[in-house]
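Here is a short note to read alongside the model. Please keep the sequence and the structure open while going through the points.

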Amino acid sequence: RPPGAAPPTPSSAVPAARAKKALAGISQRWQRGARIGQGSFGAVSKALDGCTGRIFAVKEAPLENGDPDHAKFVATLRAELEICRSLRHQHILSYLGHSEEGGTLRIFLEYVAGGSLASIIS
């Protein structure tokens, strides 16, 4: 990518002028795969970068739903993003980027097979 060029965007993205993005190493042609987790406020799916063949995870949560608890959750996710951006360690999932578009926050993370941490511990 040439210096100063806009970052790549996921396939479901709206025009860059209307979306907040911070992506690193994810092409604009990614495809959502199987859902691998579901929580109260969102879901996690496997995804495939159509250009590189890289498999990664995408955590998706709606930014608004009218529930005050959900607003707290979104604030917590945004704080998590700030922490994830700076963490680099072999035992921590790598943050690959995020996007906010169409009322949805998407967090792109390294995918590690083997189930959730909770299932590994138990």
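**Notes on salt bridges and nonpolar cores**

1. The structure holds five salt bridges. A salt bridge here is a side-chain nitrogen of Lys or Arg within 4 Å of a carboxyl oxygen of Asp or Glu. In general, side chains of opposite charge can pair when their charged atoms come close.

2. On the basis of these points: this is a predicted model, in which local features need pLDDT of at least 70 and side-chain atom pairs count only at pLDDT 80 or more, while totals for chains, interfaces and linings use all residues. Residues are numbered from 1 along each chain as its sequence is written, and side-chain values use heavy atoms, with hydrogens and water left out.

3. One of the salt bridges joins Arg32 and Glu60, with 2.7 Å between the closest N and O atoms. Arg32 lies in strand 2 (residues 30-38) and Glu60 in strand 4 (residues 55-62), so the pair ties together parts that are 28 residues apart in sequence. Helices (H or I, at least four residues) and strands (E, at least two) are DSSP runs, numbered from the N terminus.

4. Glu60 also meets the side chain of Arg106 in a salt bridge, at 2.6 Å from N to O. This pair links distant parts of the chain, since Arg106 is in strand 6 (residues 104-110) and Glu60 in strand 4, 46 residues apart.

5. Arg32 is partly exposed, at 43%.

6. Another salt bridge pairs the side chains of Arg85 and Glu82, at 3.1 Å from N to O. Both residues lie in helix 1 (residues 68-86), three residues apart, which is about one turn of the helix. Arg85 is partly exposed, with a relative accessible area of 37%.

7. The largest nonpolar core has 10 residues, among them Ala61, Val74, Leu81, Tyr95 and Ile107. A nonpolar core is a set of buried Ala, Val, Leu, Ile, Met, Phe, Trp, Tyr and Cys residues joined through side-chain atoms within 4.5 Å. Helix 1 and strand 6 are the elements that give two or more residues to this core, and helix 1 gives the most, with four.

8. There is also a second, separate core of seven residues, including Trp30, Val58, Leu96 and Phe108.

Conventions: Buried < 20%, exposed > 50% of the residue type's maximum accessible area, 1.4 Å probe, protein only.
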